[in-house]
Amino acid sequence: MAEPESLRCSSVRNRGGVQRVEGKLRASVEKGDYYEAHQMYRTLFFRYMSQGKHAEARELMYNGALLFFSYNQQNSAADLSMLVLEVLEKSDTKVEDEILEHLAKLFSLMDPNSPERVAFVSRALKWSTGGSGKLGHPKLHQLLAVILWKEQNYSESRYHFLHSSDGEGCAQMLVEYSSSRGYRSEVDMFVAQAVLQFLCLKNKNSASVVFSTYTEKHPSIERGPPFVQPLLNFIWFLLLAVEGGKLTVFTVLCEQYQPSLKRDPMYNEYLDRIGQLFFGVPPKQSPSYGGLLGNLLNSLMGSGEEDDGAEEAHEDSSPIELD
């Protein structure tokens, strides 16, 4: 029992030391000595890191960033936010909800137009999946999507919702997006795009939830099914067909609704992919996705081995613009 007790005492002492240091740094910031305080934070960061005190370094940088944000010192705050990520990248810290919430909090306080925000979100998403090159932890995507939704940055919000598991939140955002930015004639296209993209990501559950929630809550959509809009009927039938898995049903469905599917050239591209994933349709012999369409699909599905630069580019972009 003595060893755990000694470890607890050491932890208490370390926490007390961090609190004393934070008090001095806070006093400097409150006096307006921003540069000096920022440099001291950096000095302490490297000192803690060299001593292997990763938790203390992360806590100090996180609280310091919040402090600088509260005084509108964006550059200093963004720098300390990056150091939070550096601790995570160089330590064996496990992905936990509290840490993801801290990262989202820092993101929410950054200037939406700053290049630091783009770099921060790209690194945060990469860390959240162990640096594997995947598209990021669904929980972090969900938190980012909500923040961007509040900022009325709907296209970016939609991108992150697609990589979360929050179909209901995505639908509610799309209702607002459609009502405030779209034409009445396009109310069906907003949700069709989302359902097809969720299916391309093999997320059947979110595809169903986003469709049912959107069609129920959108003020311009009459209760269904069946719906007045043919495209909504197609999506409804498609979701049923995906559950059944019968290729003949899928084929007839796509043929019957071609007039609606021609409203957006991407629909048939997505349906080619959905056919492969859920109905056993073999991939086309020749490369089917090239140019802009290929880039959009690769961005959506994260296919292929990407370098860091490519990943950063699509982490902060929406696969398809609806505007």
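Author: An axis is a line fitted to C-alpha atoms, for a helix over the stretch in contact, and angles between N-to-C directions run from 0 to 180 degrees. Helices (H or I, at least four residues) and strands (E, at least two) are DSSP runs, numbered from the N terminus. The model is a predicted one: local features need pLDDT of at least 70, side-chain atom pairs count only at pLDDT 80 or more, and totals for chains, interfaces and linings use all residues. Residues are numbered from 1 along each chain as its sequence is written, and side-chain values use heavy atoms, with hydrogens and water left out.

Two packed helices are described by the angle between their axes and the distance between the axes. For helix 10 and helix 12 the angle is about 20° and the axes are 9 Å apart. Helix 10 is therefore roughly parallel to helix 12 (angles under 35 degrees count as roughly parallel, over 145 as roughly antiparallel, 65 to 115 as roughly perpendicular and the rest as oblique). Their crossing is left-handed, a term for a near helix turned anticlockwise from the far one by less than a right angle; right-handed is the clockwise case.

On the side of helix 10, the residues making the contact (heavy atoms within 4.5 Å) include Val-191, Ala-192, Val-195 and Leu-199. From helix 12 come, among others, Leu-231, Ile-235, Leu-238 and Val-242. Sorted by class, this contact has 12 nonpolar residues, no polar ones and one charged residue. In this sorting Ala, Val, Leu, Ile, Met, Phe, Trp, Tyr, Cys and Pro are nonpolar, Asp, Glu, Lys and Arg are charged, and the others, Gly among them, are polar.

Next comes the core. A nonpolar core is a set of buried Ala, Val, Leu, Ile, Met, Phe, Trp, Tyr and Cys residues joined through side-chain atoms within 4.5 Å. Buried means under 20% relative accessible area, exposed over 50%, and partly exposed in between (1.4 Å probe, protein chains only). The largest core has 48 residues, and those touching the most other members are Val-195, Leu-199, Tyr-214, Phe-234, Leu-238, Leu-271 and Ile-274. Among the helices that each supply at least two residues of this core are helix 10 (187–200), helix 12 (230–244) and helix 15 (266–279). Helix 10 gives the largest share, 11 residues. Ile-274, leaving aside neighbours within four places in sequence, is in contact with Leu-196, Leu-199, Cys-200, Phe-250 and Phe-279. Apart from this core lies another, of 42 residues, with Tyr-41, Tyr-62, Leu-67 and Leu-144 among them. In soluble globular proteins, nonpolar side chains tend to be buried together.

Lys-202 sits in the loop between helix 10 and helix 11. Lys-202 has a positive phi of about 60° although it is not a glycine, and its relative accessible area of 60% makes it exposed. In the loop between helix 11 and helix 12 lies Pro-225, joined to Gly-224 by a cis peptide bond with omega about 0°. Pro-226 is found in the loop between helix 11 and helix 12, and a cis peptide bond, with omega about -5°, joins Pro-225 and Pro-226.
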